[in-house]
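Me: I have a structure open and want to talk it through. Can you take my questions as they come?

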Amino acid sequence: MISDDAIRTQLLTIAAVGALLGACAHEPGPIAVKARQEYKAAAEDPEVQRLAGVELHEAQQAVESLERADRRGEDEVELKHMGYLAQRRIEIARIAAEGAELEARTKSLGEERTRMQLEARKREVREAEERAEAAEAEVDAAQDEAQLMELDVAAARADAAEERAASAEKQLEELRNLNARQTDRGLVLTLTSGLFAVDRAELQPGASAELDRIHAYLSSHEDRSVTIEGHTDSQGTDAYNLDLSRRRAQAVADHLIGRGIPTTRIRVEGLGEARPIAPNDTPAGRQQNRRVEVVITR
Amino acid sequence: MRPKTRRRIYLMLQAPLFAGLAACATPPPHQAVARAESALVAAEKAGAAEDAAVSLRRSRDELGKAERSMEAESYDEARRAAEAAEVDAHHAMAQARRAEARRSFEELDEATRALQEEIRHDQR
């Protein structure tokens, strides 16, 4: 049987122990004080609060158990040990905050970088579009220019064709004026009417109109040369007629040379009575045979 | 007060006193050692060997001390060493993670600078 006294004694004992412990709590030891100060500094750091909540809580628990041990009056070895644990926990909280801070910066930098890449890509696309537009415009301009050039070429071709046609017509007109006829030897002009008097080799005044046309032709066609052939009728000796025909041809040549046609473009030949173009037994036939032929050659 | 209730109160009041005595007879700190070991392994995996060599070595030394104390049946010493080994391993782990974060940041920072340079170059 346990008496009331026994219980009373027990209660007094516990109160005494409690009072002893309470006395210790009033005077925390230096290790506990230092740990509490360090914890307080870390806990007041907003970065640590924000980024290392779990670690800070663990540090707080370590400091509190150190303080309890201090109040319990644990020995120096144990208090030092717990002080070390508390100090390490506080350091861990600070390190964790720094790590988390770096991670947060990495994250926002990554977002910034992605934004920059997107910007750059957008700009590239924009620039490519602009280049494409410019190239298209260039192609259009080139096509316009090519079309203009084609028109120019066509116009030039038309001009040239017209010119050629005109020149061919002119040539034809000129030849018609010369009274020429096409033969195997080339273009032949026959000068008959009244160039020379009988047995004479001097040009008569009326001859100049026909010679003017030949001169005009040779002046405007510098690539052409002429062979001037003299002919006679059958009266007189062959030798005499050869000489006469030669002098007549030479008279025509001299006339042209005198008016500026170079000697190199003129050949003179006397053919006498060898090539009649009409019978020699009538005065009209003989008249036709007393002639000079101008053969135009290249 | 009935005798039975009285007896119960007496026992309840005695319990804390016995508990205090029991604390004096320290049991082997198997759990503390196990926690220290796993914390050390985790720190090594996180690359603490390069980035937190000092804390990691301290953790290993303390763990060695804890094991020797266990053999010597100095369980208080063993517990303290194991607790120190654990906290040092956590310390090493935090340093390793911070170093890794710093490397990532610096790599990205450099790459971003290069990108900025490239963009500036393109804009010219």
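Reply: Tyr240(A) is a place to start: its relative accessible area is 34%, so Tyr240(A) is partly exposed. Buried means under 20% relative accessible area, exposed over 50%, and partly exposed in between, with a 1.4 Å probe and protein chains only.

Me: Where is Tyr240(A) found?

Reply: Tyr240(A) is in helix H7 of chain A, residues 238–258. Helices (H or I, at least four residues) and strands (E, at least two) are DSSP runs, numbered from the N terminus.

Me: What does Tyr240(A) touch, residues up to four places away in sequence aside?

Reply: Asp199(A) and Arg247(A). Contact means heavy atoms within 4.5 Å. Tyr240(A) and Glu273(A) are 33 residues apart in sequence, and their C-alpha atoms are 9.9 Å apart in space.

Me: What sort of model is this, and how is the numbering done?

Reply: It is a predicted model, in which local features need pLDDT of at least 70, side-chain atom pairs count only at pLDDT 80 or more, and totals for chains, interfaces and linings use all residues. Residues are numbered from 1 along each chain as its sequence is written, chains are lettered from A and ligands numbered from 1 in the order in which they are written, and side-chain values use heavy atoms, with hydrogens and water left out.

Me: How many helices and strands does chain A have?

Reply: Eight helices and five strands. From the N terminus on, they run α-α-α-α-α-β-β-α-β-α-β-α-β. Of the 298 residues in chain A, 33% are buried.

Me: And chain B, how many helices and strands there?

Reply: Chain B has five helices and zero strands. Of its 124 residues, 40% are buried.

Me: Which residue does Arg290(A) meet in a salt bridge?

Reply: Asp233(A), at 3.0 Å, N to O. The pair links distant parts of the chain, 57 residues apart: Arg290(A) sits in the loop between helix H8 (283–289) and strand S5 (292–297), and Asp233(A) in the loop between strand S3 (225–230) and H7, in chain A.

Me: Is Arg290(A) buried or exposed?

Reply: Arg290(A) is buried, with a relative accessible area of 18%. Asp233(A) has 5% relative accessibility, so Asp233(A) counts as buried.

Me: What about Asp76(B) and Arg79(B), where do they lie?

Reply: Both lie in helix H5 of chain B, three residues apart, about one turn of the helix. Salt bridges that share partners join Glu78(A), Asp76(B), Arg79(B), Arg80(B) and Glu83(B) into one network. The side chains of Asp76(B) and Arg79(B) themselves meet in a salt bridge of 3.3 Å, N to O.

Me: Last one: what is the phi of Glu73(B) near?

Reply: Near 60 degrees, a positive value in a residue other than glycine. Most residues other than glycine have a negative phi. Glu73(B) is in the loop between helix H4 (53–71) and helix H5 (75–123) of chain B. At 56% relative accessibility, Glu73(B) is exposed.

Terms used. A salt bridge is a side-chain nitrogen of Lys or Arg within 4 Å of a carboxyl oxygen of Asp or Glu.
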